[in-house]
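I am opening the notebook on a structure that is new to me, and I want to write down what surrounds its ligand before turning to the protein as a whole.

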Amino acid sequence: MAEEKKSLNFIEQIIEEDLQTTHKREELKFRFPPEPNGYLHIGHASSICLNFGLGEKYNAPVNLRFDDTNPIKEEQEFVDAIKEDVLWLGFKWEKECYASDYFQQLYDWAVEMIKNGDAYVDSQTSEEIAEQKGTPTEPGTESPYRKRSVEENIELFAKMKNGETPERGHVLRAKIDMASPNMLMRDPVMYRCLHKSHHRTKDNWKIYPMYDWAHGESDFIESISHSFCTLEFLPHRELYNWFVEKVSKEGKLKPKQREFARRNLSHTVVSKRKLMQLVEKGVVNSWDDPRMPTISGLRRRGYTPNSIRKFADSIGVGKRENMIDVAHLEFCAREDLNKTAPRVMGVLDPVKLVITNYEEGKEEWLEAENNPEDESAGSREIPFSRELYIEKEDFKESANRKFFRLTLGKEVRLKNAYIIKGEDVIKDSEGNITEIHCTYDPKSKSGSGTEESKRKVKGTLHWVSAKHALETEIRLYDRLFSVENPDGDKEKDYMEFVNPNSLDVIKGFVEPSLKSAGIQDKFQFQRIGYFCVDKESEEGNPIFNRTVTLRDSWSKIK
Ligand code: ATP
Ligand code: MG
């Protein structure tokens with residue numbers, strides 16, 4: 001992991017400069033402004049960690065503001081999920097705010113603007129308005145309604161508000177400059193008629209403000225000092241400032257919009273709209289499907305808040321968009337889980353191992369350390385008996401010298417137990433191995449202090465006692481998309497790149513201590529990877545999600 005960065009990132013530099021010139025420290029205030037039209041994804045984690053991270057660094061308040069100005073796409077379910085995710089990441093907001101709480105204030109300001117000749121009602125269709133926009137090199141054409149009288153504008157705007165104007169009937173536009181080189185300044189729409197019920201304001205409003213009109217004013221109302229958004233809003237900055245200027249009062253701090261680059265993750269899509277498609281088309285089961293790059297999906301898969309925060313911090317903020325390899329996110333999960341996840345044994349693809357010189361019916365409970373990285377994690381006892389399961393791939397009848405696992409005539413250690421030697425195999429009529437027979441060295445018990453227990457053998461295998469093991473469902477996940485950038489092909493839709501094998505459900509055997517594992521408990525299955533108990537588990541019968549493999553096998557396959 002990258003060591004503590006001492007130099008300031010460009011966002012921090014902006015703030016430090018402002019503290020030298022225009023801003024007092026106690027005026028610093030930030031916000032995270034999600035639109036509640038879906039679940040948060042790993043890209044949002046960057047924005048959350050940026051804004052709340054600045055709050056922590058400067059001891060400044062950070063609001064959670066729902067940008068809920070479009071009732072067509074927004075729902076209470078998304079509001080609740082967003083709050084849960086931000087809290088889970090370990091951040092606390094100063095105030096929970098909603099743009100919809102400012103609808104009346106925004107309306108009053110719009111009326112003021114009409115009175116000051118800064119806004120007018122346009123009765124053209126959206127197509128006509130679009131045609132008059134011009135091009136970046138040619139000025140636009142002024143609307144025939146641009147010179148409407150203040151009285152008429154006030155009357156029509158009131159009608160819009162009261163629902164007397166049909167949807168698409170009129171819009172309210174800011175009167176700026178149809179010849180501006182910035183197309184967004186060519187009389188942008190401030191309000192549209194929309195007769196939709198809103199998840200909070202219900203049927204109170206028949207007009208809804210556009211993003212540009214609502215966002216800066218919301219920042220202004222909340223006294224946000226710095227409003228950080230992604231780069232696509234750079235050309236909106238001029239308009240943001242224009243709108244704030246229209247309503248600002250003497251002495252009140254004006255918010256400052258600054259932009260940073262979106263973060264993209266490989267082998268997935270980070271767009272609520274596209275993620276919603278995956279849910280709606282049944283490609284995944286839900287927003288929190290463990291294959292999803294949503295915060296809730298990552299949580300269910302077994303990611304810790306710490307691993308996601310470390311990920312966001314390590315990629316930092318930038319001025320250029322880039323694609324982060326998902327392997328880096330997985331690395332962050334491994335790093336954190338290595339320190340915190342208890343070790344257990346589980347066999348995913350079992351074959352029976354019989355220790356022919358071990359007494360039938362005998363069982364021993366062997367001590368096993370819970371986490372070599374954390375002494376305070378203590379130890380537990382695991383059962384050992386004559387018949388065990390080991391992984392199929394840990395045995396080869398005949399193998400070359402580089403194979404350090406079990407083979408006939410060679411010795412390996414069973415983790416926390418004894419040294420065994422491969423003796424024989426039993427096969428079915430088709431030649432498949434059904435049992436491996438071996439002998440053990442009774443004096444070689446791990447930790448027993450004997451000469452034999454200290455004997456070095458090349459390989460160590462994980463295992464479970466067949467009689468005691470718990471059979472469980474294990475869900476193995478792979479990349480959701482089979483290409484690095486599903487959006488990268490202009491000819492093809494991202495949906496065409498969905499990996500059909502992103503989920504493999506298998507039956508495995510795990511040590512019996514896992515019977516009592518609770519939902520969200522995380523473990524390292526030794527030699528295999530990190531696993532987390534899924535929320536669909538029933539008491540005493542855990543289902544495991546593989547969070548990540550122990551090592552990065554993907555980059556090798558590539
Ligand atoms: P989406 O297309 O997924 O809906 P959005 O930008 O429209 O993304 P918002 O809910 O408006 O989503 O975003 C809230 C905040 O998170 C905004 O400030 C936005 O710029 C930021 N954000 C969204 N996606 C990313 C990303 N991939 N990387 C960094 N910041 C992001
Ligand atoms: Mg959006």
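For side chains, I found a polar atom of His 41 at 2.8 Å from a ligand 1 oxygen, and an N or O atom of Arg 262 at 2.8 Å from an oxygen of ligand 1. I then looked up the cover: on its own ligand 1 has 590 Å² of accessible area (Shrake-Rupley method, 1.4 Å probe), and the protein covers 87% of that.

I note that the model is predicted, with local features needing pLDDT of at least 70, side-chain atom pairs pLDDT 80 or more, and totals for chains, interfaces and linings using all residues. Residues are numbered from 1 along each chain as written, chains are lettered from A and ligands numbered from 1 in written order, and side-chain values use heavy atoms, without hydrogens or water.

I listed the shell next: 15 residues surround ligand 1, each with a heavy atom within 4 Å of it, and Thr 230 and Lys 272 are among the closest. By class I recorded 5 nonpolar, 6 polar and 4 charged residues, with Gly counted as polar and Asp, Glu, Lys and Arg as charged.

Last, I turned to the whole protein, whose C-alpha atoms fill a box of roughly 100 × 55 × 45 Å along the principal axes.

Terms used. A polar contact is a pair of N or O atoms within 3.5 Å; within protein, one must be able to donate a hydrogen and the other to accept it, and residues adjacent in sequence count only if both atoms are side-chain atoms.
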